[in-house]
Structures are given as C-alpha cells and as structure tokens.
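Let's take a friendly walk through a protein model, from its inside to its helices and strands. Have the structure open as you read.

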Amino acid sequence: MWSFFSRDPTKDFPYEVGDPIPGLEDKSVWILHKGKKRGTQDEVSIFLFDVQKHSETLFDIAKASLKRLKTIRHPSLLHYLDSCETEKFLYVATEYVKPLAKHTDDMKLEGQQRELFLAWGIFQITRALSFFNNDGNMKHNNVCLYSIFVTAAEEWKLGGFEFITTHGQEGANIIPIKIIPTLEIYDPPEKKDPTKLKSVTKCSTDMWGLGCLIWEAYNGPLKNQPSLKTVDKIPKQLCTLYCELVSANPASRPNPADIITRCRKLGGFFKNDLIDTMLFLEEIQIKDKAEKGKFFSTLSSHLDNFPEAVCIHKILPQLMTSFHYGDSGSAVLAPMFKLGKLLEDAEYQKQIVPCVVKLFASNDRTTRSRLLQQLDQFIMHLQNSTVNDQIFPQVMHGFLDTNAVIREQTVKSIVHLAPKLNYNNLNVEVLRHFARLQSKDDQGGIRTNTTVCLGKIAAHLHPQIRQKVLVSAFVRATRDSFPPARQAGVLALAATQQYFLLSEVANRVLPALCPLTADPEKQVRDAAFRTIKGFLGKLEKVSEDPSLKEGMEADVHTATPSLSNAAATWAGWAVTAVTAKFYRSHSDTAKVQHPVKSTLSKPGSLEQPSSSSMSTTTSSVTSMTSLEHSESASDYDPEHWDMTAWGEIDSSAATTGGSGKSGASSTGGGGLAALCEDEWDNEEWGQIQEHPAAEAELASPSETWNNSEWTQPMQSANATFVRNTSRLEHKPTAHQNSNDSLGGWEDGEFEPIEENVDENNASKMDEMRRKREERKVQRQREMEARRNARGQGPMKLGTKLSAPAPF
C-alpha cells in the first residue's frame with residue numbers, strides 16, 4: 001500500500017541518462033554515461049552505480065566517494081552537479097568529461113600542441129594533489145590514468161575518490177586495500193615492504209601515482225611496474241623529476257608544492273606559453289591595466305600553438321568575461337576575434353556578435369580604430385540586418401571624426417561593409433560622405449583612400465548611381481595636387497573601365513587623362529599613358545568591329561557584373577607606401593610639392609600598355625587596397641555661373657583666364673580645367689576648398705550630377721551658395737537633413753560644406769568688376785577717338801546722305 005504512494009526519486013533528478021562511455025569497465029566502481037540536463041539540454045556526465053549487481057562493500061565505497069565529491073571543491077577536481085539514489089541505482093551528475101584513457105586514444109594533437117596539452121594536464125593534477133596533501137591533509141591513494149578525466153576544454157580533472165584517507169588518523173600510513181584487482185598495479189612498493197612504511201609521508205603514495213600517470217601519459221596504459229624504468233618517451237626536462245617520483249624510497253619523493261615551484265622556473269617543464277596564459281587568465285581580475293595590456297598584445301601570436309579545444313572552451317570564455325566585466329578595453333579584441341574564427345556560425349552569433357555591436361557603440365577612439373582595422377576578421381559572420389541597423393549607423397560617425405586615423409579607417413572599412421549594405425546606406429549615405437571627404441578633407445591620404453575605396457565598391461553600387469558617380473569622381477581625383485591622388489584617379493578609371501559607356505570614354509575620360517601625360521610626376525605620367533593606350537585600344541577594336549560594343553558595355557547596367565582578378569592589385573602599392581609616408585605623419589596638405597617617389601610603384605594589373613591588356617584588365621576591384629587622396633580645384637570665374645543653367649560653364653571662361661589658380665593647373669597644366677569643364681555639368685562629387693596661400697585662391701562650387709534634376713540650391717551646414725550672373729552670394733541657412741533626397745547626388749551636396757568667402761575675396765571680385773567696367777569705358781572712348789580722327793562723327797538717326805553734284 002505504501003509503495004503505491006511512494007514517489008519515484010528519479011523524477012526529481014533533472015538529468016537524463018544517455019549512452020555509456022567506454023574506458024572504466026573494470027577500473028572503477030562507476031559506469032560513466034553521457035547525459036543531458038532537462039530543459040536546457042546541456043551536456044553532462046552521469047556516473048552510475050548498480051546497487052543490485054555489486055556488493056554492499058562496494059556500495060559503501062561508492063557512497064563515500066560521492067560524499068567526498070560533494071564536499072571537496074577545487075578547479076582541478078571533478079565538478080559535482082547533483083545526485084540521486086534509488087533502490088536500483090546511484091546517480092551522480094558532474095560536468096561533461098571523458099576518461100583520460102579514452103581521450104588519449106582519440107587525441108589527434110601532434111607536435112607542440114600535444115606537448116603543451118600534456119604539460120598543462122600534468123600541472124593541473126600536480127596542483128590538485130598539492131591541495132589534497134598540503135591544504136586538505138588528505139591522501140588520494142588512487143592517482144592513475146583511470147582516475148583522471150578530461151573536460152571539453154581539455155582540462156584534466158582528478159576524480160576517483162573511492163580510496164581517500166585523512167593523514168594523521170589511526171592507521172593512516174597503511175595503504176588501503178583496493179578491492180578492484182586491476183588497480184593494484186598502481187600500489188607503491190612500500191605496500192609490500194613493511195620496513196619502509198615508517199618512511200611514508202603524507203604525499204609519498206600520491207607522488208608514486210603521479211609518476212605512474214606521467215609514464216602512462218607518454219607511453220599508454222601501464223602493464224606492469226618494471227615498465228616504469230623505461231624513460232625513452234618522457235621529455236628530458238621531466239626525467240629527473242620522474243625518477244624521484246618513482247623512487248623506491250618513499251621519503252625521497254618530493255612534495256607536489258615543491259614540484260610546481262621547481263618546474264615553474266625558467267626552463268622548467270611547467271614554464272611554457274600555455275600554462276603562463278592559463279594562469280594569467282585565472283588571476284586576470286587582480287591584474288592591473290598595464291599587465292593586461294601587455295598580456296593581450298602577445299596572446300594572439302601564441303594562439304596558433306594552443307590546442308583548439310582549449311582556445312574555444314577555456315581562453316575565449318575568459319576573454320569574454322574580461323571584456324564584459326573587466327577593464328581590458330580594446331586590447332582584448334585581437335585575440336577574441338582570432339579565436340572567434342574557430343567557432344561555429346551559431347556560436348559566433350551567440351557569443352561574438354553581441355560584443356561587436358556593443359564595441360561599435362563605444363566612444364573610445366582606440367576601440368573604434370581596432371574594430372575597423374580588424375573588420376575583415378568578423379564581417380563574414382555578421383547578418384545583413386545587423387550590419388545595416390546596428391553597426392553601420394555607428395560606423396558613419398567615423399566619417400565626421402576629428403581624428404584623421406579614425407576617418408581613414410572608416411573609409412577603408414566600407415570595402416568590407418559594402419556587400420552587406422542596403423541601397424540607402426550604400427548608394428546614399430556612403431557616397432554622400434565619400435563626396436565630402438574626397439573634396440574637403442585636409443589629409444591627402446584620406447582623400448586618396450576615398451578614391452580607391454570607391455573603385456573597390458563600384459561593383460556593389462546601383463547601376464544608375466554608378467554611372468553617374470564613377471567618372472566624375474575619378475576625374476576629380478586626377479586634378480588633385482597630391483601625386484598619389486592623381487595616380488589613384490587614373491588607376492581607378494582603368495580598374496572600373498567596364499562600367500563606362502564607350503561614348504563616355506571618348507568624350508569625358510580621355511580628355512581628362514590627356515593633360516596628365518605632362519604631369520610633373522613620372523609615376524602619374526606612366527599610369528596615364530598606360531590607361532590612355534588601353535582605352536584607345538578598346539575604342540579602336542569597336543571601330544573595327546562595332547559588334548563588340550555590346551559586349552564591352554555589358555556590365556554598365558548590370559547590378560552584379562562578372563568579376564575576375566585581372567586588376568585585383570592595381571592599387572596595392574598604397575597600403576604601406578603612400579599611407580605610411582603621406583597620411584600617418586598628418587603633415588600632408590593639398591600643397592604637397594615633393595612626395596617620396598619611392599613610395600609609388602607600377603601597378604601589376606597595368607604593367608603591359610598594349611590595347612589588348614586594357615580590354616581585359618579591370619573587370620574587378622575586389623582586392624584593391626587603400627590609397628590616399630588630395631584636393632583639387634577649378635579656376636572657373638564666378639561671373640560665368642548661370643542661374644538658368646546651373647552648372648553649365650561658358651567655354652571661354654577657362655580659356656581666357658580665371659580669377660584664381662587651381663590645384664590642378666599646377667600639376668596637369670592650365671588646360672586641364674578647360675578640358676574637363678564639361679564634366680562638371682553632371683558632377684556632384686563634393687565641394688572643393690583650397691587652403692589659404694600667398695596668392696588669393698577661390699574654390700569653385702561643384703556641379704550637379706544631372707542638370708535636369710537639379711531643383712534645390714546647394715545646402716550646407718551654415719550657408720547656402722547661390723550662383724548668380726554677377727557674384728557668388730553667401731546666405732546663412734539652417735542645416736537640413738541630407739536624407740531627404742537621393743543623398744545629394746542629384747539634389748545637392750552630400751555633406752554640408754561651407755565656402756570661405758571672406759572679405760578679401762569679396763573685395764577682390766569687386767575690384768575685378770570695377771576694372772572691367774573701366775576697361776569697357778576706355779574702349780568706347782578709344783573707338784570714338786578713332787572715328788573722330790577719320791573725320792566721321794557718329795551718324796545721327798534719320799540723317800540722309802546728300803546726292804553727289806552733277807557734272
């Protein structure tokens with residue numbers, strides 16, 4: 001009757017018993033099974049004791065072992081979770097482990113990784129025995145291959161608590177009898193020699209077991225005690241210690257604490273990168289910021305030598321904890337992202353992505369810089385929605401950062417972000433910022449990088465936007481006074497040639513490139529000649545065979561053009577050369593006169609100047625790397641702006657001379673601006689602003705990309721510039737949101753830009769206007785004087801000529 005009301009205890013046991021794990025069949029009183037926690041499905045290990053099959057003595061040993069497991073806690077001991085006792089079985093749940101004997105059979109580690117794994121494991125067991133013998137005043141009495149278990153993080157955990165005794169109690173020096181016969185091989189020699197029992201210490205028995213464990217770690221399971229004399233496979237660093245551990249004299253066996261001290265010294269067996277790393281991570285909370293910074297700066301270089309399981313399940317969680325709750329800062333990013341590559345995609349989304357999103361919201365410049373530099377290591381794991389909604393809005397702030405390093409890294413990061421950005425973010429927001437940076441940034445490196453990165457993301461742009469942007473943007477770069485920027489513009493035109501209509505090549509590209517054949521810099525001239533020959537080769541082929549035109553223009557209106565690697569490295573020279581020399585010094589301006597010529601080398605993709613080479617040269621820019629940029633200016637006279645045809649320029653304005661000197665005229669000749677004026681009719685690549693110089697210079701407002709769609713005045717943060725037939729007016733206005741239109745490619749500037757129209761410039765224009773009026777009046781007076789000199793005054797209206805007198 002009472003059995004009817006009794007409750008099954010296993011219903012309260014929150015774990016499910018799975019398949020058995022081999023390895024302990026006749027070496028333990030327990031049978032090891034796989035298990036899972038109900039609800040979470042987390043993996044655990046279930047140690048099961050069959051009450052009905054075993055004797056009462058073994059049952060008492062099992063319960064004593066469980067009691068010890070519950071009450072003794074240490075990082076190197078098997079971690080207890082829960083237990084349950086029924087009439088048939090005794091269940092004990094622990095962290096998920098495998099027997100060391102089975103793990104070594106399945107282990108695939110080789111070389112240095114295997115040596116580090118074994119050294120780290122032996123260290124952990126030695127530390128556990130030091131805790132038992134010295135701190136707990138106990139003896140384990142069962143140290144062997146079958147009492148050691150390995151976790152998912154490949155940490156060694158000491159188990160097998162069936163024969164623990166307390167030192168100092170009556171009969172404590174007597175080595176307990178092991179009921180399991182197969183374990184008797186691990187009994188120390190003094191067990192059979194009563195004369196040596198007097199010299200037994202509190203740690204001598206466990207140190208004998210440690211010696212047996214070391215031998216088995218390198219040689220496999222111990223078959224008989226005489227085999228312990230074979231030391232061929234034991235590392236030389238460990239041989240002396242090993243011989244002491246298996247000494248026949250119990251008193252000569254060292255204390256485990258002394259072993260750790262000796263082997264942790266320089267050159268010792270426990271002195272290696274893995275153990276140093278693991279011990280530092282265990283104590284990271286008490287380390288100061290300088291120590292953490294030094295540690296994380298060297299950690300990445302060691303990770304390749306560490307076992308993968310240790311990296312994923314031990315080091316990475318410690319790094320994540322340090323990131324969330326410590327003050328490690330951005331120093332933890334490099335090793336964290338490197339280890340993140342080892343994770344499955346689902347685990348990456350769960351562990352790393354939330355950290356990335358959190359880091360991008362940081363205001364710390366060092367953190368943002370390191371994130372942008374290492375973007376290529378984790379961008380492939382980010383979902384498109386995460387990039388567009390959470391990461392890109394934070395990245396955009398970098399375009400406006402006052403620190404040049406952040407601006408440069410932000411520009412470079414777009415290369416990796418572009419494939420995941422939506423239409424608005426890529427074709428509107430990115431291009432709006434690119435336009436401002438290419439035209440206004442005072443760092444030549446950043447301006448050039450903008451040109452290069454635009455070429456790299458060209459394949460991802462919308463075809464209509466791409467057709468409007470590329471030529472005008474790259475032509476602007478060719479007018480730059482910074483030599484690498486001019487070369488970047490030329491090479492970008494070559495690298496994106498498949499996106500240009502042939503008519504556009506003939507009418508816009510070639511006229512812009514020709515002046516660069518007389519550029520002061522040889523590298524720019526060489527690039528210009530090769531590119532011109534390539535474009536001419538295309539035009540010549542189409543002229544001979546018009547049917548080729550359709551194929552050559554196939555990618556112009558294609559959203560996903562075919563890609564190849566022909567021009568993959570056209571701008572690779574800029575990574576270490578241009579950036580390091582021109583940008584990182586922060587001394588570059590638009591007036592660079594003497595660049596270091598050694599920093600410019602010939603791009604491999606344009607090495608051959610033949611026409612055939614150009615036709616197959618640049619169908620892809622997927623491997624382009626960062627360059628740098630500089631300002632360009634135009635010498636248009638403000639009087640030639642026409643309100644009825646915004647952006648159209650009188651062709652005579654540039655040929656008759658302007659009111660200022662442009663940066664382009666100093667590098668490409670005075671005719672460059674005149675040849676390229678027609679391209680400003682549909683340009684909106686940003687405003688150009690020259691730095692103050694000895695001679696007064698006026699920056700010309702940029703043109704619209706499409707005159708027919710230009711309906712609004714050019715907007716700026718603090719001013720609106722209105723073109724007039726007589727002057728350039730400067731009117732204050734409130735800042736307007738640039739997202740109201742297509743991002744400014746058709747309706748205005750990308751970024752609010754403010755022209756410096758100071759009193760000197762205004763007075764100079766007034767002076768020029770006054771002088772023109774004076775010259776006009778002077779010419780009229782001279783014409784009247786010449787008429788009077790010929791004796792003919794001005795003819796009056798209605799006057800009749802008198803008839804000649806008759807003869």
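Contact here means heavy atoms within 4.5 Å. Keep in mind that this is a predicted model.

In that sense, I315 touches T277, M278, L281, L299, L303, F306, V310 and L339, leaving aside residues up to four places away in sequence. I315 also belongs to the largest nonpolar core, which has 167 residues; W156, L454 and F500 join I315 as those with the most contacts inside it. Helix α4 (residues 111–135) gives this core its largest share, twelve residues. Another core, of eight residues, lies apart from it and includes F13, V44, C84 and Y91. In soluble globular proteins, nonpolar side chains tend to be buried together.

Helix α4 also packs on a sheet, where it touches β8 and β9, and its direction makes about 25° with that of β9. The sheet is open, with three strands in the order β6-β8-β9 and antiparallel pairing. Its strands are listed here:

| Strand | Residues |
|---|---|
| β6 | 97–99 |
| β8 | 148–151 |
| β9 | 156–158 |

β6 and β9 are the edge strands, each pairing on one side only. Three bridges link β6 and β8, and P99 stands opposite F149 in β8.

How do two helices pack? Helix α14 (residues 384–396) and helix α16 (residues 423–440) meet at an angle of about 10°, with axes 12 Å apart. Angles under 35 degrees count as roughly parallel, so α14 and α16 are roughly parallel to each other. N388, F392 and M396 of α14 make the contact with N425, E429, V430 and H433 of α16. These residues divide into three nonpolar, three polar and one charged.

Methods:
Residues are numbered from 1 along each chain as its sequence is written. This is a predicted model: local features need pLDDT of at least 70, side-chain atom pairs count only at pLDDT 80 or more; totals for chains, interfaces and linings use all residues. Side-chain values use heavy atoms; hydrogens and water are left out. A nonpolar core is a set of buried Ala, Val, Leu, Ile, Met, Phe, Trp, Tyr and Cys residues joined through side-chain atoms within 4.5 Å. Buried means under 20% relative accessible area, exposed over 50%, partly exposed in between (1.4 Å probe, protein chains only). Helices (H or I, at least four residues) and strands (E, at least two) are DSSP runs, numbered from the N terminus. Axes are lines fitted to C-alpha atoms, for helices over the stretch in contact, and angles run from 0 to 180 degrees between N-to-C directions. Angles under 35 degrees count as roughly parallel, over 145 as roughly antiparallel, 65 to 115 as roughly perpendicular and the rest as oblique. Ala, Val, Leu, Ile, Met, Phe, Trp, Tyr, Cys and Pro count as nonpolar, Asp, Glu, Lys and Arg as charged, and the others, Gly among them, as polar. Two strands pair if DSSP finds at least two bridges between them.
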